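Reader: I would like to go through this model term by term. Please set each value against its cut-off.

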Amino acid sequence: MEFDFTGKTVMMTGAASGMALLSAQEFAKLGANVAMVDIDKEAVEEKAAEIEKDFPGHVLAIECDVRSYQQVEAAVTAAYDKFHSIDVMLNLAGGAEYRMLHVDYNIEFPDCPIEVFDWSLDVNLKGQFYFDHAVMKVMREQKSGVIINIGSITGEEGCASNVAYSTAKSAAMNGLTKSLALYGAKYGIRVVCVAPGPVLTRPGMAGMKTALGRAAEPQELVDAFIFLASEHSAFTTGVNFLIDGGRNILRNKE
Ligand SMILES: NC(=O)c1ccc[n+]([C@@H]2O[C@H](COP(=O)([O-])OP(=O)(O)OC[C@H]3O[C@@H](n4cnc5c(N)ncnc54)[C@H](O)[C@@H]3O)[C@@H](O)[C@H]2O)c1
């Protein structure tokens, strides 16, 4: 199976690190223009500059907080103005609130300040919703496009600490994905969700059990994004892919 994204534009959020950064590197190698979005201006500009060395003119770094619709719209406009299309939207910005905001994992749900959960719902749910909304305007005009939303195994199985993360990355992401797949079909737009199990974007994920006995390499998820974004997946839309090494079928997850 061959993949060629020459002349296509792939926009990814969370691009200063992890799976989104690797996606930018891999899609660029496959010929794509990459629009790299992150709240961390310095980091995303540094990473974009590294990719730009090999693919001059094909990389754009955009500072954007996905919680701000104004910034999201400006990011989409900036990418469109430079590359004249947005063919793939990859919504990877986010993370579990207790980890991202350094909250003590022993704090119980009712005792955790509501601002912590607000942050998580804003980033993990509304951030994806905002980008899907803004990018749909471009894709509707183009009459083509692929949106990849990101769920999580944590959303499928629940999590007593990261309750907002779990809420955002499960039924909410499924509903968003299915609804937009129904809406987008008449414009040639496909919408899917990927729900990863543990991915080694940081060593701590190695501790999460899976049926396969290991966590995923980031490349294994990025390979799935590439496949789903490509013409090889032309008949695939409105579905959630649990890519979790079989964690969901384990009885004892401890
Ligand atoms: N790593 C895993 O094991 C795993 C498992 C399931 C789901 N996920 C999800 O996959 C996605 C990527 O995970 P990762 O581990 O590669 O990410 P990561 O933690 O390496 O990177 C997340 C990026 O998001 C950016 N970000 C945070 N808040 C933002 C905001 N408000 N606006 C814009 N950017 C913002 C950060 O600056 C960072 O660069 C996340 O949504 C995560 O929840 C990860």
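Reader: How many helices and strands does the secondary structure of the chain come to?

Author: The chain has eight helices and seven strands. Helices (H or I, at least four residues) and strands (E, at least two) are DSSP runs, numbered from the N terminus. This is a predicted model: local features need pLDDT of at least 70, side-chain atom pairs count only at pLDDT 80 or more, and totals for chains, interfaces and linings use all residues. Residues are numbered from 1 along each chain as its sequence is written.

Reader: How do you know that the chain agrees with a compact globule?

Author: The globule rule is 2.2 Å times the number of residues to the power 0.38, and the radius of gyration is taken over C-alpha atoms. For 254 residues a compact globule would have a radius near 18 Å; the chain has 17 Å, so the two agree. Along its principal axes the C-alpha trace spans about 50 × 35 × 35 Å.

Reader: In what order do the strands of the sheet run, and is the pairing parallel or antiparallel?

Author: The order is β3-β2-β1-β4-β5-β6-β7, in an open sheet with parallel pairing. Two strands pair if DSSP finds at least two bridges between them.

Reader: What makes β3 and β7 edge strands?

Author: β3 (59-63) and β7 (240-243) each have a single partner strand, so one side of each is left without a neighbour in the sheet. From one strand to the next, the twist averages 15 degrees. Axes here are lines fitted to C-alpha atoms, for helices over the stretch in contact; angles run from 0 to 180 degrees between N-to-C directions.

Reader: How do you know that β1 and β4 pair?

Author: Strands β1 (residues 9-13) and β4 (residues 88-91) share four bridges, in the parallel sense. Methionine 12 stands opposite leucine 90, and threonine 13 opposite asparagine 91. On to β5 (residues 145-150): β4 pairs with this strand over three bridges, also parallel. There the bridge partner of leucine 90 is isoleucine 148.

Reader: Why are both faces of β4 called covered?

Author: In a regular strand the side chains alternate between the two faces of the sheet. Val88 and Leu90 lie on one side of β4, Met89 and Asn91 on the other, and all are buried. Buried means that 20 or more other C-beta atoms lie within 10 Å of a residue's own; 12 or fewer is exposed, in between is partly exposed, and C-beta atoms are placed from the backbone.

Reader: Why does threonine 201 count as buried?

Author: Threonine 201 has 21 C-beta neighbours inside 10 Å, so the residue counts as buried. Threonine 201 is found in the loop between β6 (189-196) and α8 (218-229). Leaving aside neighbours within four places in sequence, threonine 201 is in contact (C-beta atoms, placed from the backbone, within 7 Å) with Gly18, Met19 and Pro218.

Reader: Which residues come nearest to the ligand?

Author: Gly14, Gly18, Ala93, Gly94 and Thr201 do, of the 25 residues around the ligand. A residue is near a molecule or strand if its C-beta atom, placed from the backbone, lies within 6 Å of it.

Reader: Why is histidine 102 called exposed?

Author: Histidine 102 has 7 C-beta neighbours inside 10 Å, so this residue counts as exposed. Histidine 102 is found in the loop between α4 (97-100) and α5 (114-142). Its phi is positive, about 55 degrees, although histidine 102 is not a glycine.

Reader: What makes lysine 143 exposed?

Author: Lysine 143 counts as exposed because it has 10 C-beta neighbours inside 10 Å. Lysine 143 is in the loop between α5 and β5.

Conventions: Contact = placed C-beta atoms within 7 Å.
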